[in-house]
Amino acid sequence: MTPTIWAALGAVGAAVVASLIARSVKISEFRQAWINELRADISEFISKSDEWIDLYLSFNAENNNEKKAALAPALDRIKYDAFHVLRRIELRFKPDDLEGNALLLALRDLLNPAKLMPDSQYPSWRRLADDTTLKARHLLKEEWEVTKNPFRSAWKFGFRG
């Protein structure tokens, strides 16, 4: 081949490599934004759930029906605000994401009074919250590792060659 053809092939190859690198950088930027937004929403949800459990326990401890009736709208508002954040979190995961779905179930449990132990409601809720936070930390760390090294997900799923 002539030097002109080699130069043209080299230029095309360099352009393709530059394009692939630029694409990879952009995907990493989007992925990092996704992780940051997910982290913020998970934190907001758990905080709202914490607020909800405090009010829920006060509501159930209240013997005065008038005071109880006054607490009910605030209890509902916090719960619905938390569900709003939960829906944002849910919409970020693929339906078949096993780790994501496990985290979503754990998050939902934070607003489920049936998950509380009758004799130690707040401590049992605290354990649920701590376990949920740990699940979130693992998931977010794994997502960060994939962002740092895009080939990690291929390795994880068995494309080890």
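Of the 161 residues of the protein, what percentage count as buried? After that, describe the salt bridges of Arg 92 and the parts of the protein around them.

Analyst: Of the 161 residues, 25% count as buried; buried means under 20% relative accessible area, exposed means over 50%, and partly exposed is in between, with a 1.4 Å probe and protein chains only. This is a predicted model, in which local features need pLDDT of at least 70 and side-chain atom pairs count only at pLDDT 80 or more, while totals for chains, interfaces and linings use all residues. Residues are numbered from 1 along each chain as its sequence is written, and side-chain values use heavy atoms, with hydrogens and water left out.

The protein has five helices and zero strands, giving the pattern α-α-α-α-α along the sequence. Helices (H or I, at least four residues) and strands (E, at least two) are DSSP runs, numbered from the N terminus. Of the contacts in the protein with a separation of 6 or more, 65% are between residues 24 or more positions apart, a contact being heavy atoms within 4.5 Å.

Now to Arg 92. A salt bridge here is a side-chain nitrogen of Lys or Arg within 4 Å of a carboxyl oxygen of Asp or Glu. In general, side chains of opposite charge can pair when their charged atoms come close. The whole structure holds ten salt bridges. In one of them, the side chain of Arg 92 meets that of Glu 37, at 3.7 Å from N to O. This pair links distant parts of the chain, since Glu 37 is in helix H1 and Arg 92 is in the loop between H2 and H3, 55 residues apart. Glu 37 is partly exposed, because its relative accessible area is 44%.

Arg 92 has a salt bridge with Asp 41 as well, at 2.6 Å from N to O. Here too distant parts of the chain are linked: Arg 92 in the loop between H2 and H3 and Asp 41 in helix H1, 51 residues apart. Asp 41 counts as buried because its relative accessibility is 7%.

Lys 141 is partly exposed at 45% relative accessible area, and Glu 145 is buried at 15%. Both residues lie in helix H4, four residues apart, about one turn of the helix. Elsewhere, salt bridges that share partners join Glu 37, Asp 41, Glu 44, Arg 88 and Arg 92 into one network.

Which residues does Phe 93 contact, leaving aside its neighbours within four places in sequence? They are Trp 34, Leu 38, Gly 100, Leu 103, Leu 104 and Leu 139. Phe 93 belongs to the largest nonpolar core, a nonpolar core being a set of buried Ala, Val, Leu, Ile, Met, Phe, Trp, Tyr and Cys residues joined through side-chain atoms within 4.5 Å. That core has 28 residues, and those touching the most other members are Leu 38, Ile 42, Phe 45, Trp 52, Ile 89, Phe 93 and Leu 107. Two or more residues come from each of helix H1 (3-61), helix H2 (65-90), helix H3 (98-109) and helix H4 (121-148). H1 gives the most, ten residues.

The loop that holds Arg 92 runs between H2 and H3. The axes of these two helices come within 11 Å and cross at roughly 175 degrees. Axes are lines fitted to C-alpha atoms, for helices over the stretch in contact, and angles run from 0 to 180 degrees between N-to-C directions. H2 and H3 are therefore roughly antiparallel; angles under 35 degrees count as roughly parallel, over 145 as roughly antiparallel, 65 to 115 as roughly perpendicular and the rest as oblique. Leu 86, Ile 89 and Glu 90 of H2 make the contact with Leu 104, Leu 107 and Arg 108 of H3.

Ser 49 is in helix H1 and is buried, with a relative accessible area of 0%. Beyond four places in sequence, Ser 49 contacts Leu 110, Leu 111 and Trp 125.
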